[in-house]
Amino acid sequence: MATQQVLVAGAGLVGLCTAFSLARAGHAVTLIDRGRIGSGAARGNAGEITPLQALPMPEPALLTQLAEGVLSQRHYFTIAPLALPRLSVFGLQFLRNCTESRLQRNTAALDQLVRQAMAAYDSFHRDGISLAGGGWGYLNVHSDPAALRVFREAQVARARHLGLEEPGPILSRAELEEPLLGEEITAGYRIPTERYIDPDLFCTELHAALSEMGVTIRPHTELLSLESTHATVRTGDGVETIGFDKAVVSTGAWLNRQLRGIPGLRFSAITPGTGYSFHVEMDPLPRSLVMGLHRKTLIVPMSGSARVVGLMDFGFRVERFERQRMDFLREQAAHFITGLDTAPVSREWTGPRPMTPTGLPYISPVRGHPNVIVAAGHNMHGLTLGPITGEIVTALVAGRDPGIDMRPFALPRL
């Protein structure tokens, strides 16, 4: 395979994974980002690598919750009423994908990536990425045993479909042997196939590995426009051009802005949703990752502390810190994890998640611009799907068949 000069724009999870895959395949890679390497949601997420639970967000059950999200700020999913006109195109497309038939179709498409996700992580680990700071096992808990049973049955069916080990049996709170569970929890079950890592360590290790592999890494370098053989970027020293044979745009929530820099292309199918997380210092920590299904909130033991993750907001300022929402997230977690309400808090984070109306990422050459490939819009599954996305992009750069049906991941026609 001939070495190519490849520009990767965007050094979040997908961009870092893609640059790593390209570099180990022998390409000469330049990685740029408008901020620091591994910024945005790359370091603030829950650290989940969860093939069994990587599903498209649009689903029929969500329809009943949309109105609540517009009317109340005390809901895990909110939409700013004044933002509804701006969200109308995305919202209508999203609603269209909330039918059972479209959910099944989109899930089948996403499963092509999910089936290869863990093998891609294994290959990263063999090549020196430690995947440290977390562990194996995922504990789903609920206040309602009947609702938990329905949820588990769906996951058992999915595990059988994917050929994965099935979730464990439903156990009482006492049988779960998790002493931090609050009194509202009546039951739960463990999923042995899922794992979690410290995404901050993951990004730092990828950054270090890329440096050792000779990748040119340029933070604080913003992509302004793309032509067929070069990009125009802005740095602290002014505007310059970077040549390439192929370019990969992995700018996540900011993809729309970058693709408008390609002559003749209009694109607006990614809408950023705001997520929240913070750390708490607890002793002891939960024995594993705990998901309060009824609270839509995660608590993850991570590198000696616990990270609480949850909520999804759609509004105008996706990186704006909202104290009210951060406090609500802590309140939700404190309902099912004891001691969390008084534990010291640090590393409060809010940032954008790149959401698409289908729940599927875009992994696709740009029509009319075959040297430009988009890899973005992974919704809340950027960590789970980052390495396999990097491998698929590497195949596309080399002109090889990725071995999956790429049509569901194509950029939409507008």
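Predicted model: local features only at pLDDT ≥ 70, side-chain atom pairs only at ≥ 80, totals over all residues.
Strand β13 covers residues 271-280, and β17 covers residues 345-355.

**Strand β13 and its partners**

- β13 and β17 pair in the antiparallel sense, and 9 bridges connect them.
- β13 is also joined to strand β16 (residues 305-314), by 6 bridges, and these two strands likewise run antiparallel.
- Within this second pairing, S277 has V309 in β16 as its bridge partner.
- β13 is mostly covered, since 10 of its 10 residues are buried.
- In a regular strand, side chains alternate between the two faces of the sheet.
- On one side of β13 lie T271, G273, G275, S277 and H279, and on the other lie P272, T274, Y276, F278 and V280; the residues on both sides are all buried, so both faces of the strand are covered.

**The sheet of six strands**

- An open sheet is formed by 6 strands, in the order β8-β2-β1-β12-β19-β18, and its pairing is mixed.
- Its edge strands are β8 (216-218) and β18 (362-366), each of which pairs on one side only.
- From one strand to the next, the twist averages 15°.
- Inside this order, β1 (residues 5-9) and β12 (residues 246-249) pair in the parallel sense over 4 bridges.
- L7 has A247 in β12 as its bridge partner.

**The sheet of three strands**

- Another open sheet consists of 3 strands in the order β9-β10-β11, with antiparallel pairing.
- β9 (222-226) and β11 (238-243) are the edge strands, and each pairs on one side only.
- Neighbouring strands in this sheet are turned against each other by 30° on average, with direction ignored.
- β9 and β10 (residues 230-235) run antiparallel and are joined by 4 bridges.
- The bridge partner of S225 in β10 is T232.
- Strand β11 contains I242.
- Is I242 buried or exposed? Its relative accessible area is 8%, which is under the 20% limit, so I242 is buried.
- From C-alpha to C-alpha, I242 and R86 are 34 Å apart in space, and they are 156 residues apart in sequence.

**Helices α5 and α6**

- Two packed helices are described by the angle between their axes and the distance between the axes.
- For α5 and helix α6 (residues 145-162), the angle is about 60° and the axes are 11 Å apart.
- That angle makes α5 oblique to α6.
- The crossing in which α5 passes α6 is right-handed.

**Aromatic pairs and a charge over a ring**

- The structure holds 6 aromatic pairs.
- F20 is buried at a relative accessible area of 1%, and F124 is buried at 0%.
- Why is the pair of Y121 and F202 called tilted? The ring centres are 5.9 Å apart and the planes stand at 35°; planes under 30 degrees apart would count as stacked and planes over 60 as edge-to-face, so this pair is tilted.
- Y121 in helix α5 and F202 in helix α7 (residues 199-212) are 81 residues apart, and their pair also links distant parts of the chain.
- Y121 counts as buried at 2% relative accessibility, and F202 counts as buried at 2% as well.
- Which residues form one aromatic cluster? The members are Y76, F77, F90, F94 and F314.
- R34 lies over the face of W254, at 4.5 Å from the ring centre.

Notes: Residues numbered from 1 in each chain as written. Heavy atoms only, no water. Phe/Tyr/Trp six-rings, centres within 6.5 Å; stacked < 30°, edge-to-face > 60°. Buried < 20%, exposed > 50% of the residue type's maximum accessible area, 1.4 Å probe, protein only. Lys NZ or Arg CZ within 6 Å of the ring centre and 35° of its normal. Pairing = 2+ DSSP bridges. Axes fitted to C-alpha atoms, helices over the stretch in contact; angles between N-to-C directions. Parallel < 35°, antiparallel > 145°, perpendicular 65-115°, else oblique. Left-handed = near helix turned anticlockwise from the far one by under 90°.
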